[in-house]
Amino acid sequence: MDCLFCKIANGELPSKMVYEDDLVSVFLDINPHTNGNSLIVPKVHYLDYKEISDELNNHINEVVKKLDKMYQEKLGSSGLTIIHNSGCGQEVKHYHLHFIPRYENTDISLVPNRELEDLETVYQKLMK
Ligand code: 5GP
Ligand code: ZN
């Protein structure tokens, strides 16, 4: 399979790799939202969150905690935003978590959309 993140996670293509263990690789995103914005990527190919086992999910969560501590110490971050995209929101079709360290007084641009259906309409659709 010709998959970009399979190749990066297994060292066949270059990246700024900051952490690696038997199951995952972590490397800097080439389009960072904040200093240290990284991608946590399993070495084995999975499409998205639906294919990740509970064991791997737990492992990834442990890696998140480790990285959070490391980035706080080395980059001075003091918060964290984690994003996972799937389906039409996902560009690279190999599971990855966006690990976005947060800094005091620094915003990232996930801007609320003011031109949506009103909350009651959406709520009624969901609860029907
Ligand atoms: P997605 O939309 O699939 O959740 O996000 C894919 C992410 O991968 C984007 O943030 C994009 O900047 C990053 N990305 C795409 N190609 C490369 C690459 O070749 N190297 C690195 N380090 N990041 C990449
Ligand atoms: Zn892959």
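This is a predicted model: local features need pLDDT of at least 70, side-chain atom pairs count only at pLDDT 80 or more; totals for chains, interfaces and linings use all residues.
For reference, the ideal angle for four tetrahedral donors is 109.5 degrees.

Take C6 and H94 as a pair. C6 sits in helix α1, residues 4-9, while H94 is in the loop between β4 and β5; they are 88 residues apart, and the pair links distant parts of the chain. Are these two buried or exposed? C6 has a relative accessible area of 18%, and because the cut-off for buried is under 20%, C6 counts as buried. H94 is at 0%, also buried.

Now helix α2. It covers residues 54-75, 22 residues, and spans 30 Å from first C-alpha to last, close to the 32 Å expected at 1.5 Å a residue. Its buried residues are L56, I60, V63, V64, L67, D68 and Y71. They lie on the same side of α2 because they cover an arc of only 150° around the axis. In general, an α-helix has 3.6 residues a turn, so residues three or four places apart point the same way.

What covers that buried set? The cover includes β1 (17-20), β2 (24-28), β3 (38-42), β4 (79-83) and β5 (97-102). On the other side of α2, D54, E55, N58, K69 and E73 are exposed. After α2 comes G76, with a positive phi near 80°.

Technical notes:
Residues are numbered from 1 along each chain as its sequence is written. Chains are lettered from A and ligands numbered from 1 in the order in which they are written. Side-chain values use heavy atoms; hydrogens and water are left out. Helices (H or I, at least four residues) and strands (E, at least two) are DSSP runs, numbered from the N terminus. The expected span of a helix is 1.5 Å times one less than its number of residues. Buried means under 20% relative accessible area, exposed over 50%, partly exposed in between (1.4 Å probe, protein chains only). The arc is that of the directions from the helix axis to the C-beta atoms. Contact means heavy atoms within 4.5 Å.
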